[in-house]
There are 2 protein chains.
Amino acid sequence: MAKTNAPKNTIGEFIRAQRRLAKLSLRQLAQTAKVSNAYLSQVERGIYKPSAKVLKHVAEALQVSAETLYARAGFLDEDDEERKEAGVEQAIRLDPRLSEDQKETMLRVYRGFAGPAA
Amino acid sequence: MAKTNAPKNTIGEFIRAQRRLAKLSLRQLAQTAKVSNAYLSQVERGIYKPSAKVLKHVAEALQVSAETLYARAGFLDEDDEERKEAGVEQAIRLDPRLSEDQKETMLRVYRGFAGPAA
DNA sequence: TCCTGCTGCTTGGTAAACTGAGCGCCGAGG
DNA sequence: CCTCGGCGCTCAGTTTACCAAGCAGCAGGA
């Protein structure tokens, strides 16, 4: 529903975005994901469509669930985004490492970011 | 290599078993799964390792969940507990309502709260 | 200045996935 | 008997994933 921002949804761009979020260079990710940097470059730019094996390695290296990547790649589509969207708030609430105050702060920040999109 | 056989729980054998259970001929399944019968034959006999795309089609044709086949193929870990461990960080990363900058901000905040060592 | 080491990208090749056209075998009719 | 249609399998070829090596560009330090 709240798909206010999802400009491009290719698997490559998704990987690139996640890689940058994780502050990894192309070669770094390539190495931990056990693929060549050349190939990873092509994948991120949409030239090649990675196989599931590669996807799995990348998912591990990026610390996202393989299902997510598969869904993004179109290999799996029984994925409901709703659950993921609701995820942030729920994850924050359930996190045992956060104090109540911290949770409240993060929720406020999150709602500030995600909420007033309308 | 006198290993003409192996205790293979390969997807090939799994597919063949499922196909026979569904009372489908090789060509029938190949057609509904949109692959050539030649290829499907090779896959079932373990000569080729099918890509996720093929697996997805086969899963649909056999009316089994794609996850099951992926897990059999080793493309997916059978356990989804990874998702829970990832928790807040992954939820943030995957949220389509947050911009890249916003994600980074929230991750920084979260890490500050939850502990630098983690 | 010139290195040194990093970034991402391109090129050229190998191997693997995948297909089309055939093979031989078997059961059901004519 | 002899087609006919389906079965699974094989061979030859195309397409695509993937890697090794090397490119230019940029930052920083001697």
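Two residues are in contact when their C-beta atoms, placed from the backbone, lie within 7 Å. The model shown here is predicted, and local features need pLDDT of at least 70, side-chain atom pairs count only at pLDDT 80 or more, while totals for chains, interfaces and linings use all residues. Residues are numbered from 1 along each chain as its sequence is written, and chains are lettered from A and ligands numbered from 1 in the order in which they are written.

**View 1. Chain A has 7 helices and 0 strands.** Helices (H or I, at least four residues) and strands (E, at least two) are DSSP runs, numbered from the N terminus. Read from the N terminus on, the elements of chain A follow the order α-α-α-α-α-α-α. Of the 118 residues in chain A, 34% are buried, a term for residues with 20 or more other C-beta atoms within 10 Å of their own, whereas exposed residues have 12 or fewer, partly exposed ones fall in between, and the C-beta atoms are placed from the backbone. When contacts in chain A between residues at least 6 apart in sequence are considered, 39% of them join residues at least 24 apart.

**View 2. Helix H7 of chain A meets helix H7 of chain B.** Each axis is a line fitted to C-alpha atoms, for helices over the stretch in contact, and the angle between N-to-C directions runs from 0 to 180 degrees. The axes of H7(A) and H7(B), the latter spanning residues 100–114 of chain B, come within 11 Å and cross at roughly 180 degrees. The two helices H7(A) and H7(B) are therefore roughly antiparallel to each other, the word used for angles over 145 degrees, while those under 35 count as roughly parallel, those from 65 to 115 as roughly perpendicular and the rest as oblique. From H7(A), the residues taking part are Gln102(A), Met106(A), Val109(A), Tyr110(A) and Phe113(A), and they meet Gln102(B), Met106(B), Val109(B), Tyr110(B) and Phe113(B) in H7(B). By class, this contact of H7(A) with H7(B) holds 8 nonpolar, 2 polar and no charged residues, where Ala, Val, Leu, Ile, Met, Phe, Trp, Tyr, Cys and Pro count as nonpolar, Asp, Glu, Lys and Arg as charged, and the others, Gly among them, as polar.

**View 3. Chains A and B touch through 37 residues of chain A and 35 residues of chain B.** On the side of chain A that touches chain B, at least two residues each come from helix H1 (11–21), H4, helix H5 (66–73), helix H6 (81–94) and helix H7 (100–114) of chain A. That side of chain A is made up of 20 nonpolar, 9 polar and 8 charged residues.

**View 4. DNA strand C has 20 residues around it.** A residue is near a strand if its C-beta atom, placed from the backbone, lies within 6 Å of it. Those that come nearest to DNA strand C are Ser25(A), Leu26(A), Ala38(A), Ala38(B) and Ser51(B). Helix H2 (26–32) and helix H3 (37–44) of chain A, together with helix H3 (37–44) and helix H4 (52–62) of chain B, each supply at least two residues of this surface, and H3(A) gives the largest share, 5 residues. The surface near DNA strand C consists of 8 nonpolar, 7 polar and 5 charged residues.

**View 5. DNA strand D is surrounded by 19 residues.** The closest to DNA strand D are Ala38(A), Ser51(A), Ser25(B), Leu26(B) and Ala38(B). Two or more residues of the surface near DNA strand D are given by each of H3 and helix H4 (52–62) of chain A and helix H2 (26–32) and H3 of chain B, with the largest share, 4 residues, coming from H3(B).

**View 6. Ala33(A) lies in the loop between H2 and H3 of chain A.** Ala33(A) is buried because 24 other C-beta atoms lie within 10 Å. Not counting residues up to four places away in sequence, Ala33(A) touches His57(A), Val58(A) and Ala61(A). With its neighbours within four places in sequence left aside, Val58(A) is in contact with Ile15(A), Ala33(A) and Leu69(A). Gln28(A), in helix H2 of chain A, is partly exposed, with 14 other C-beta atoms within 10 Å.

**View 7. Helix H5 of chain A is mostly covered, with 7 of its 8 residues buried.** The buried residues of H5(A) are Ala66(A), Glu67(A), Thr68(A), Leu69(A), Tyr70(A), Arg72(A) and Ala73(A). After H5(A) comes Gly74(A), whose phi is positive, near 85 degrees.
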